[in-house]
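Have a look at the sequence and the 3D picture, and then read on with them beside you.

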Amino acid sequence: MKSTVIGINLRTLSKSIRLMSKYSDQIKILAIEDSLILQSINAEDTVFCQVVFEKDFFQSFQNDNDFECKVDIRSIGLVFRVACLGLY
């Protein structure tokens, strides 16, 4: 999967990740067909959060193979926080 997100959409993506960090230490990333899905669930399995970004959200979006992975949310949150510094 290759995608590019800029400007206000980058801020939206960053805020979505920050919101999910309040509930879980991990984020599940799924890339399927024409969308990117972020999911998190708390340790007690009582709160589930899902955000779907359609391909129109991105400046460019190319997905040849569907995939799924889990990432430590602190790591990915730091990357997006640094990327958004110039936007605030």
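We can begin with two strands: β3 and β4 pair in the antiparallel sense over seven bridges. Here, strands (E, at least two residues) and helices (H or I, at least four) are DSSP runs numbered from the N terminus, and two strands pair if DSSP finds at least two bridges between them. Six residues lie between the strands of the β3 and β4 hairpin, where Asp45 takes a positive phi near 60°.

Before going further, note that this is a predicted model: local features need pLDDT of at least 70, side-chain atom pairs count only at pLDDT 80 or more, and totals for chains, interfaces and linings use all residues. Residues are numbered from 1 along each chain as its sequence is written, and side-chain values use heavy atoms, with hydrogens and water left out.

**The whole protein**

The protein has two helices and six strands, and along the sequence they follow the pattern β-α-β-β-β-β-β-α. Of its 88 residues, 35% count as buried. Buried means under 20% relative accessible area, exposed means over 50%, and partly exposed lies in between (1.4 Å probe, protein chains only). Contacts here are heavy atoms within 4.5 Å. Among the contacts with a separation of 6 or more, 62% are between residues 24 or more positions apart.

**The core**

Which residues have the most contacts inside the largest nonpolar core? They are Leu13, Ile17, Met20, Ile27, Leu38, Phe53 and Phe58, in a core of 18 residues. Such a core is a set of buried Ala, Val, Leu, Ile, Met, Phe, Trp, Tyr and Cys residues joined through side-chain atoms within 4.5 Å. At least two residues of this core come from each of α1 (7-20), β2 (26-32), β3 (35-41), β4 (48-54) and α2 (73-83). The element that gives the most is α1, with four residues. In soluble globular proteins, nonpolar side chains tend to be buried together.

Take Ile27 as an example. Leaving aside neighbours within four places in sequence, Ile27 is in contact with Ile17, Met20, Leu38, Gln39, Cys69, Lys70, Val71, Ile73 and Ile76.

Back in β4, the covered face holds Cys49, Val51 and Phe53, while Phe48, Gln50, Val52 and Glu54 make up the uncovered one.

**Aromatic rings**

How many aromatic pairs does a search of the whole structure find? There are three. Rings of Phe, Tyr and Trp (its six-membered ring) pair if their centres lie within 6.5 Å; planes under 30 degrees apart count as stacked, over 60 as edge-to-face and the rest as tilted. Two of the pairs are shown here.

| Pair | Centre to centre | Angle between planes | Kind |
|---|---|---|---|
| Phe53 and Phe57 | 4.5 Å | 40° | tilted |
| Phe58 and Phe61 | 5.2 Å | 35° | tilted |

Ring pairs link Phe53, Phe57, Phe58 and Phe61 into a cluster. Phe53 is buried because its relative accessibility is 4%, and Phe58 is buried too, at 7%. Phe57 counts as buried at 16%, as does Phe61 at 17%.

**The cysteines**

The structure holds zero disulfides, a disulfide being a pair of cysteine sulfur atoms within 2.5 Å. Is Cys49 buried or exposed? Cys49 is buried, at 12% relative accessibility, whereas Cys69 is partly exposed, at 29%.
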